[in-house]
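This report describes a single protein chain for a reader who has the sequence and coordinates at hand. It covers the conventions first, then the domains, the pockets and selected residues.

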Amino acid sequence: MYPSSFEYYAVADVKEAVDLLVEHDGSDVELLAGGHSLLPTMKSGLSSPDVIIDIADIDRLHGIEHGEQSSTVGAMTNYATAARDDVLERNTIVAEAAAEIGDVQIRNAGTVGGNIAHADPAADLPAAVLVSDATIRARSPDGERTIPASEFFEAMFTTALGEDELLVEIEIPHLSEGMASAYLKKPSPSSGYALIGVAAVLETDGEVITEARIAANGAFDHAMRLGSVEDTLTGETIDDGLSDRAAEHATDDVESYMLMEDSTASSEFRAHLLEVYTKQAIDTAIERVGSTANVSGD
Ligand SMILES: Cc1cc2nc3c(=O)[nH]c(=O)nc-3n(C[C@H](O)[C@H](O)[C@H](O)COP(=O)(O)OP(=O)(O)OC[C@H]3O[C@@H](n4cnc5c(N)ncnc54)[C@H](O)[C@@H]3O)c2cc1C
């Protein structure tokens, strides 16, 4: 199907993009980043924007900057770039999650900012962003503001971004010494999206888990932390049965948030997958504590 006609603007800086968002307030306006969610919805008739603002040529939105304590990823950075970045790979979980997205074509086109702003419940980056305690920087006509990841994902395809806001970059704190992370995913056999994806960040003193951050993609209407699993892990001595005992609580938060159900997986199957992948993500992160993979301080 051909999309219906729209006005198209290619912009060169963030201010120009925000000015256009304001100018077209009240119309259906979309930002074009990698286009790998927007264009399929337009071609299938699910969305028909009046205005498209192409942000691909905004220099500020491209690339990754590294500091001592954190890395900052521009919104237009594609997944392949994030997945290949040595510093991101050693110090954060985001590179590992980016490497799990779709196929080569999607990883070369889709963008970190687009993935987060679109907030597809089955996308891979949101859980990684949550367990990283990342900060999202957004620009509106009122200037820039930062949004903690914990306040960013609100519902299916819904974030804390306003209609007149552009996601500029995301700041990801580095894992500190004694921390390790893992992202484990069961991909949909047809699309590659996460049927379930579990991100885990653990901090240990060698024997006891001192902090646990666990979050899931694909399970609920938006990515969210698994608080009961985190509570079960925190303060516990690592032993062979710990990940099983913790993963049993993966669906404890389901009463208020329905498990997803679609043609590829029933809610019962998703609940099962969530428990299995939660255990695997915890086990993998525990294995990595003290190894060279994904542990800061190496
Ligand atoms: C076949 C297929 C398989 C896929 N598999 C996976 C997968 O396994 N895992 C996964 O995570 N994703 C997957 N995707 C989705 C892909 O990752 C998309 O790239 C992503 O969801 C959106 O990023 P984008 O850069 O393409 O954004 P676009 O499609 O250009 O934009 C998407 C939405 O985000 C908004 N937006 C974009 N950038 C910004 C910004 N800077 N500020 C504010 N709003 C913005 C746009 O207005 C639009 O509404 C798949 C897509 C396809 C087609």
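## Conventions

Helices (H or I, at least four residues) and strands (E, at least two) are DSSP runs, numbered from the N terminus. The model is predicted: local features need pLDDT of at least 70, side-chain atom pairs count only at pLDDT 80 or more, and totals for chains, interfaces and linings use all residues. Residues are numbered from 1 along each chain as its sequence is written, and side-chain values use heavy atoms, with hydrogens and water left out.

## Domains

Three domains divide the chain: domain 1 (7–54), domain 2 (60–172) and domain 3 (179–288). Their bounds come from an automatic or database domain assignment.

A distance of 20 Å separates the C-alpha centres of domain 2 and domain 3. Their contact involves 24 residues from domain 2 and 23 residues from domain 3, where contact means heavy atoms within 4.5 Å.

## The largest pocket

Rolling a probe the size of a water molecule over the atoms shows where empty space is left. On a 1 Å grid over the protein atoms alone, a cavity is a set of points where a 1.4 Å probe fits but cannot get out, whereas a pocket is an open set with protein on both sides within 12 Å along at least five of seven lines; lining residues have an atom within 4 Å of a point. Grid points are joined across faces, edges and corners, and a volume is the space filled by probe spheres set on the points.

The largest pocket holds about 1,400 Å³ of space. It is lined by 50 residues, of which Glu-30, Leu-31, Gly-114, Ala-117 and His-118 are the closest to its centre. At least two lining residues come from each of strand E2 (29–32), helix H2 (38–43), helix H7 (112–118), strand E9 (158–159) and strand E10 (166–173). H7 gives the most, with 5 residues. By class, the lining has 20 nonpolar, 21 polar and 9 charged residues; Ala, Val, Leu, Ile, Met, Phe, Trp, Tyr, Cys and Pro count as nonpolar, Asp, Glu, Lys and Arg as charged, and the others, Gly among them, as polar.

## The second largest pocket

About 210 Å³ of space lies in the second largest pocket. Among its 14 lining residues, Ala-122, Tyr-193, Asp-262, Thr-264 and Arg-270 are the closest to the centre. The lining comprises 6 nonpolar, 5 polar and 3 charged residues. Domain 2 (60–172) and domain 3 (179–288) each supply at least three residues to this lining.

Glu-30 is found in strand E2. This residue is partly exposed, at 29% relative accessibility; buried means under 20% relative accessible area, exposed over 50%, and partly exposed in between (1.4 Å probe, protein chains only). Its C-alpha atom lies 5.0 Å from that of Ile-52, which is 22 residues away along the chain. Beyond neighbours within four places in sequence, Glu-30 is in contact with Leu-38, Pro-49, Val-51, Ile-52 and Ile-53.

Met-42, in helix H2, is buried at 4% relative accessibility. With residues up to four places away in sequence not counted, Met-42 touches Pro-3, Phe-6, Ser-47, Pro-49 and Ile-52. Leu-46 belongs to the loop between H2 and strand E3 (51–54) and is exposed, with a relative accessible area of 72%.

## A buried arginine

Arg-213 is part of strand E13 (residues 209–217) and is buried, with a relative accessible area of 9%. Its side chain reaches the backbone oxygen of Val-131 at 2.5 Å. Leaving aside neighbours within four places in sequence, Arg-213 is in contact with residues including Ser-132, Asp-133, Met-179, Arg-225 and Glu-230.

## Positive phi angles

Most residues other than glycine have a negative phi. Ala-119, which is not a glycine, has a positive phi of about 55°. Ala-119 is found in the loop between H7 and helix H8 (125–131) and is buried, with a relative accessible area of 3%.

Phe-157 also has a positive phi, near 55°. Phe-157 lies in the loop between strand E8 (153–155) and E9, and counts as partly exposed at 44% relative accessibility.

Conventions:
Polar contact = N/O pair within 3.5 Å; in protein donor to acceptor, adjacent residues only side chain to side chain.
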